[in-house]
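Please keep the sequence and the model in view while reading.

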Amino acid sequence: MSGPAEIPVVVVCPPRTLLLDVAGPIEVLRKANLIQEKVRFRVGHVGPSPTVTSSIGLGLSGLGPLPAPLPDGATVVLAGTAERVLGDPDPPGETERAAEDAIVAWLRAEIRPGHRLVSICSGALLAARAGLLDGHACTTHHAACAELAALAPAARVLEDRLFVEDRERLTSAGITAGIDLMLHLVARLVDPACAAAVARYLVVYLRRSGHDPQLSPWLTGRNHLHPAIHRVQDAVSADPARAWSLEALAGLAATSPRHLSRLFNRHAGMSLPSYINGLRVALARDLLAQTRLDMERVAERAGFASPRQLRRAWSRVNDGPPRAVRDG
């Protein structure tokens, strides 16, 4: 029996590393490694020197050298930098600028097709200097978007996104958006259930940029910050086949049924029945793909009263009939 798929992750720590750019995204990978066996993220931290000072004045030591050659299939995570370090009034000096130049030269020499480049916050500026964002859509911290556009005139800089994925280039906006980006990556490389479990552990919500397509029905409607609606969504996604009543869900939200319906439409961008049915259809799709249950049992296990009800809900979000999952 084969073991988990291994993905090498190279975390590049420049001088004045924004500590949360490293700690947040890599904590996502640490937890993902602990709760599932399909994929193992093999993380190493590197830099142009063995030690750097972080944005909060805490030293980071034991960094490996910038690897050459870069392993096949590696994911490179580029952390951003701080202009001012806590307790240090001085701007970056010549030594720090030379270290950034070394990172840019390494990126230009080592990143090739098959490598995934993930920049967090202002890490995108280093990628831009290396010419690696040309011809791609990208983003960065809102305060650095103009600089990014100047450094990468052949890129399409998007200012209103939490993160942007364009082929093998993934870029995120300010600081904590790196966590959102890494949850997105875990959802794609492992599965959405793993990403949701990691998000719950970190006590963060799964969010998506409003202009990007949703990853899956399990993440649809999560691009908001309303805690009561997230509680309702968490409960439904944990057991979509349950006979949920509006009254029971209103109790979880600590509001009236009528007000819950209004809130859900406003913040999730859909009605509560549509959300529940979307998850049930996704569950039915999994059952069709992974079991040989007949349609009546699939409908029952997915929370539908009958195969006819399943087919009706299915047709709202799919072009072909349910049986096409097995026929394909």
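**Core and helix packing**

Leaving aside residues up to four places away in sequence, F41 touches I7, V9, L29, A32, N33, V186, L189 and V190, where contact means heavy atoms within 4.5 Å. The model is predicted: local features need pLDDT of at least 70, side-chain atom pairs count only at pLDDT 80 or more, and totals for chains, interfaces and linings use all residues. Residues are numbered from 1 along each chain as its sequence is written, and side-chain values use heavy atoms, with hydrogens and water left out.

F41, V118 and V186 have the most contacts inside the largest nonpolar core, a group of 39 residues. Such a core is a set of buried Ala, Val, Leu, Ile, Met, Phe, Trp, Tyr and Cys residues joined through side-chain atoms within 4.5 Å; buried means under 20% relative accessible area (1.4 Å probe, protein chains only). Two or more residues come from each of β1 (5-12), α1 (19-35), β2 (39-46), α5 (177-189) and α6 (192-202). These elements are DSSP runs numbered from the N terminus, helices being H or I of at least four residues and strands E of at least two. The most is given by α5, with 8 residues. A second, separate core has 27 residues, including V10, A124, A127 and L148.

How do α1 and α6 pack, and at what angle? Their angle is about 120°, and their axes lie 10 Å apart. (Axes are lines fitted to C-alpha atoms, for helices over the stretch in contact, and angles run from 0 to 180 degrees between N-to-C directions.) α1 is therefore oblique to α6, since angles under 35 degrees count as roughly parallel, over 145 as roughly antiparallel, 65 to 115 as roughly perpendicular and the rest as oblique. The contact is formed by E27, V28, R30, K31, A32 and I35 of α1 with C194, A197, V198, Y201 and L202 of α6.

Methods
Buried means under 20% relative accessible area, exposed over 50%, partly exposed in between (1.4 Å probe, protein chains only).
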